[in-house]
Structure formats: structure tokens, C-alpha cells
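Here is a short briefing on one structure.

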Amino acid sequence: MKYITSAPANIMLMGEHSVVAGEKAIACGLNQRLHIEWQGRADRKIHIFSELGDYETHLDNLGDHPKLTWVLAALRHYQPSLTHGLTLTIQSDFKSTLGLGSSAALLAALLGGLDAITGQTPDFQQRFQTGLHLIHSLQGRGSGTDLAASLTGGVVLFDPQAQTVESLTSHLALTLVYCGYKTPTAEVLQKVADDWQHQPDLLAALYRLMGQTTEAAYLALQNDNSTEFYRLVNSYQGLMDALGVNDPVLSDLVYRLRQDTGIAASKISGSGLGDCALGFGQLSSALPGFDPLPIAIDSQGLEIQPL
């Protein structure tokens, strides 16, 4: 028994922060992927090989490893249905520090492999629910937008309340620039909560406005109205700034991108206070001090291939 599963990296195009409050978000799968090779074993041992660490444990008593928490959580969830040991070899086309949804890509590839090995054929909704359960068990919260994008690929509108996706064929050109540092999402969310604790009604109104902007942007994409879409991208950046998750480096990057004739709009990508700036279009000249990441939208989501 041998499989290879893979899932794409992903980024949020619009909907950061407001999706946690129940508003819709636009995300996409990227052409850089995470791969897992699965090999069945005659014993009940679990061998894991990855860039984050190698680990050996036993199916009947799955131990812990500080850098393999997602892998072990998925194995524990499927443990009652597993009848033999496994050797997993995990490889990634991208670094986990770049804010490209590595955890979601890993989780999607894990779900696909473990479903195949245990003979399950869930639809998107069932697989997503399993993944969201694991996300909440490990992180306490999370909308699952990045998981949805890695499962489906392409550009998707994700509804966190109905937990559904609408896919859209889009040929957006993207330029992603890593600012050089990243603040953990949990810390950013806590800062927002602290900053707005005395103005909950205003915060709720801001989230709603962000959600309305996202839905209008998706409608513009559906109607091939790129001018309106780019205007709304820039508007969303202003709302992220109002929320308090911009900083001097990101702000400088966002505006330097906009000054390039090849970039139609730009915003923070991710939770903010670090991570990446996202430009829509391709740079016409170099961006001194920064090297854009080689990314493009990929329509291929989770792949499961028997060998």
C-alpha cells in the first residue's frame, strides 16, 4: 500500500480578521505544494521523515513531537481505523515561515492520505469538518479558510458560517513580498481584542464593512470588473490599517508596490504586523531590498495518487 498526497500552499486575498467574526473571505491555492509519501508497514510502527524533524513512534501509543503536532493529531484522529503502521515522508516546495498556509496544506494532505488508507471517501464538507475539528483542537479557534483553499485550489469565496466554498475561475497575476518577519496570528488577534475592548460596537461595524467589501470584490471578479476589484482591494487595505494591524514596514511595502506601473492594487496578506504584502499584477522593475516570492494561482487542490 503506497500513496502520494499533495496540497497547495494558500494565501488570503481578502477577508483577513473579519472572517474570524463570521464574514466571508476570498482565498486561493498556489502553485507551490506540500507532498506526503505514504508507505504501509507490516508492523504497527509509525515512522515520520520531514524537514521539521524525524520521529518514530507506535500506532498503539502515539507519542508527542514539538514540531509534528499536526501530523500526530491527524494520526490520533484516524487511529481507531488504522490497522497497520505507516512510514510518512513529508516534503514541501516552500518554507513554513513565509505565511503561505503551510499548516493547512499539511493538514489537507494528511486528511487525503489517511482517508485513502482507511478506505474512506468523504466529500469536501465531511473532510473539511474533520480538518476544522483538528484545527480547533490544536489552536482553539480558526475559520478554516486556508484549509478550504488547500482542499479545493483555485480562487474561492469561503463562508465560515455555512462552511461552504464557491469556486471562481480567475487568472489574477500575483506578486507576494515577504517583509522579513512574522508576528504569530494569535498575538495579532489578541492585540486587536485588547485595542478594541472598549469599543465592541465599532469593531463589529468595522468587521461588517470588511465583509461587505470582500463580497463586493468577489462579485466584481465574477463580472470580470477588474477596475472595481482593484479599488476594493485598496479599500480593504485601508480597513486593515484602521483595525490596527499595519506597521511602518508593511505600509511602505504596500505603497511601493502601488507605485510600480505593473501593480494595480496592493494590501497586507495575512493577519498583519509582519508577514507579506500582496500586489495584484507583476512588478515592472525591481523592488530594492526585497525579492518577490515565485507564486501563481493554481486550480489544483488536494491530490491523492496511489502508487
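Arg231 and Glu228 form a salt bridge, with the closest N and O atoms 2.7 Å apart. A salt bridge here is a side-chain nitrogen of Lys or Arg within 4 Å of a carboxyl oxygen of Asp or Glu. The model is predicted: local features need pLDDT of at least 70, side-chain atom pairs count only at pLDDT 80 or more, and totals for chains, interfaces and linings use all residues. Residues are numbered from 1 along each chain as its sequence is written, and side-chain values use heavy atoms, with hydrogens and water left out.

**The pair in helix H7**
- Arg231 and Glu228 are 3 residues apart in helix H7, so about one helical turn separates them.
- An α-helix has 3.6 residues a turn, so residues three or four places apart point the same way.
- Helices (H or I, at least four residues) and strands (E, at least two) are DSSP runs, numbered from the N terminus.
- Arg231 is partly exposed, at a relative accessible area of 45%.
- Glu228 is also partly exposed, at 26% relative accessibility.
- Buried means under 20% relative accessible area, exposed over 50%, and partly exposed in between (1.4 Å probe, protein chains only).

**Other salt bridges**
- The count by this rule is 14 salt bridges.
- Lys2 and Glu37 form one of them, at 3.6 Å from N to O.
- That pair links distant parts of the chain: Lys2 lies in strand S1 and Glu37 in strand S2, 35 residues apart.
- Lys2 is partly exposed, with a relative accessible area of 30%; Glu37 is partly exposed at 31%.
- Arg76 and Asp64 also meet in a salt bridge, at 2.6 Å from N to O.
- This pair, too, links distant parts of the chain: Arg76 sits in helix H1 (residues 69-78), and Asp64 in the loop between strand S4 (55-58) and H1, 12 residues apart.
- Arg76 is partly exposed at 32%, whereas Asp64 is exposed at 63%.

**Helix H6**
- Helix H6 (residues 200-222) has 23 residues and spans 33 Å from its first C-alpha to its last, close to the 33 Å expected at 1.5 Å a residue.
- The expected span is 1.5 Å times one less than the number of residues.
- Buried residues of H6 include Leu203, Tyr207, Met210, Gly211 and Tyr218.
- The buried residues of H6 pack against strands S1 (2-14), S2 (25-40), S6 (155-159) and S7 (164-168), and against helices H5 (185-195) and H7 (226-243); contact means heavy atoms within 4.5 Å.
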